Amino acid sequence: MGHLFNRNVLLGVTGGIAAYKSAELVRQLQERGATVRVIMTRGAMEFITPLTLQALSGNPVHTELLDEEAEQGMGHIELARWADLLLIAPATADLIARLAAGRADDLLTTAALATAAPLMLAPAMNQQMWRDPATEANISTLAARGYHLVGPAAGEQACGDIGPGRMEQPVRIAEAADQLFPSGLLTGKRVVITAGPTREALDPVRYISNHSSGKMGYALARAAAEAGAVTTLVSGPVSLPVPDRVRALPVESATDMLQQCLDLLGDCDIFIACAAVADYRPSAMEQQKIKKGPEEITLQLVRNPDIVAAVASSEQRPFTVGFAAETNDVLNYARDKMQRKNLDMIVANDVADRSIGFNSDQNAVTVLWRNGEQALPRAGKDSIARQIIELIAQLGGKR
Ligand code: PMT
């Protein structure tokens, strides 16, 4: 379950062609555990029927400000108080202008003024309307008042124009809404995560490495920070932005990574080894570029230190989680690795399937611990990371 679990989302739908996507948005929000109630403007009802959104949300749809019957049920003030989030998607240029002016001329704008909940907008309009100075000024006003914005995306529009103004995809809007609510599962915990590949230098310009992109490790760092942990990433060379509220310490080789991790042990409650560390390095790095010569040359390699095993056998041992990248007999090898390296938990990753391993956007893993295991079916790496963090919080976060 996401951070929207048990949250009340009041979804405002306004009159634009993207209103049909609100049906999918209702489902996305519900999948994350939110209860959804919908307010539709008159314009919205020209594009999608209240019945559709009522059937999907499982709650009556609210449309009128001055409706005696509706006000007796859940009136505009109750709705505004009920909401943990007021999310308006799509938000038209007109609605944005009315919000910026502080109008309360229909149920949705009145609820926006009356609520103390955070407000999020997913704008959707023609690209020229989005670029118009009036809309720009209105958006700046709302952003300064603390409104959260998601999108718009750019691309081909229903009117045939190309540019920014398409409503962001429902899944992205739901993710952004999810991010507004910290889970607090790891508040006060200090988490260190290794991510990415290591590079083992052969000479000043060449190295041995692997295909790790860092996506899984960075997603874990994002999820740990969202869960309230003080989060440090010890990262091999990757080209990813550092997530908000995460401290990143760049390293190159396995030896550098080991040293950095050992230096952090005094400030670490939970250690997660997601990096794809090179098991071997050249026995010596040539000081000059190796020249092309004979048809065959032999590289002499020596074993690298095992970082996660070193952490797990240290005096200041944190709750220690490893990954196991395997191509066959995945669970048996992973359980064996967990025992040999003295880990509390291991995440078994079948990297034979290239769509869920190195450099993929999705993953599917099985998390193993001493007395149990849980399969996490295929999902985006952010979603997998959140589920791993939840398991860590349940099993080890309380130590
Ligand atoms: O970065 P991405 O592109 O998103 O890909 C994610 C991933 C596939 C790299 C990730 O999900 C993953 O499986 N990481 C572990 C990769 C790995 O090297 O696995 P391993 O089975 O060889 O190592 C087992 C464990 O020991 C790992 O926790 C590893 O970090 C650790 N290890 C390994 C060798 C070493 N010298 N020191 C270590 O700490």
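# Ligand site, pockets and cavity

Strand β16 gives the largest share of the shell around the ligand, four residues. The model is predicted, so local features need pLDDT of at least 70 and side-chain atom pairs count only at pLDDT 80 or more, while totals for chains, interfaces and linings use all residues. Residues are numbered from 1 along each chain as its sequence is written, and side-chain values use heavy atoms, with hydrogens and water left out. Helices (H or I, at least four residues) and strands (E, at least two) are DSSP runs numbered from the N terminus.

**Ligand**

- The ligand is surrounded by 26 residues (a heavy atom within 4 Å), and the closest are S213, A275, K337, N349 and N359.
- This shell has 13 nonpolar, seven polar and six charged residues; Ala, Val, Leu, Ile, Met, Phe, Trp, Tyr, Cys and Pro count as nonpolar, Asp, Glu, Lys and Arg as charged, and the others, Gly among them, as polar.
- At least two shell residues come from each of α10 (215–226), α12 (307–312) and β16 (319–326).
- A polar side-chain atom of K341 is 2.9 Å from an oxygen atom of the ligand, and a backbone N or O atom of V308 also lies 2.9 Å from a ligand oxygen atom.
- A polar backbone atom of G214 lies 2.8 Å from an oxygen atom of the ligand.
- The protein buries 95% of the 770 Å² that the ligand exposes when taken alone (accessible areas by the Shrake-Rupley method with a 1.4 Å probe).

**Largest pocket**

- The ligand takes up the space of the largest pocket (more than half of its atoms lie within 2 Å of the grid points).
- On a 1 Å grid over the protein atoms alone, a pocket is an open set of points with protein on both sides within 12 Å along at least five of seven lines, a cavity is a set where a 1.4 Å probe fits but cannot get out, and lining residues have an atom within 4 Å of a point.
- The volume of the largest pocket is about 880 Å³, counted as the space filled by probe spheres set on grid points joined across faces, edges and corners.
- Its lining has 38 residues, with A275, A276, V277, F323 and A325 nearest the centre.

**Second largest pocket**

- The second largest pocket holds about 530 Å³ of space.
- Helix α10 supplies the largest share of its lining, six residues.
- By class, this lining has seven nonpolar, three polar and 10 charged residues.

**Cavity**

- One cavity of 30 Å³ or more is present, and the largest cavity has about 40 Å³ of space.
- Helix α14 (residues 381–395) gives three residues to the lining of the largest cavity, the largest share.

Notes
A polar contact is a pair of N or O atoms within 3.5 Å; within protein, one must be able to donate a hydrogen and the other to accept it, and residues adjacent in sequence count only if both atoms are side-chain atoms.
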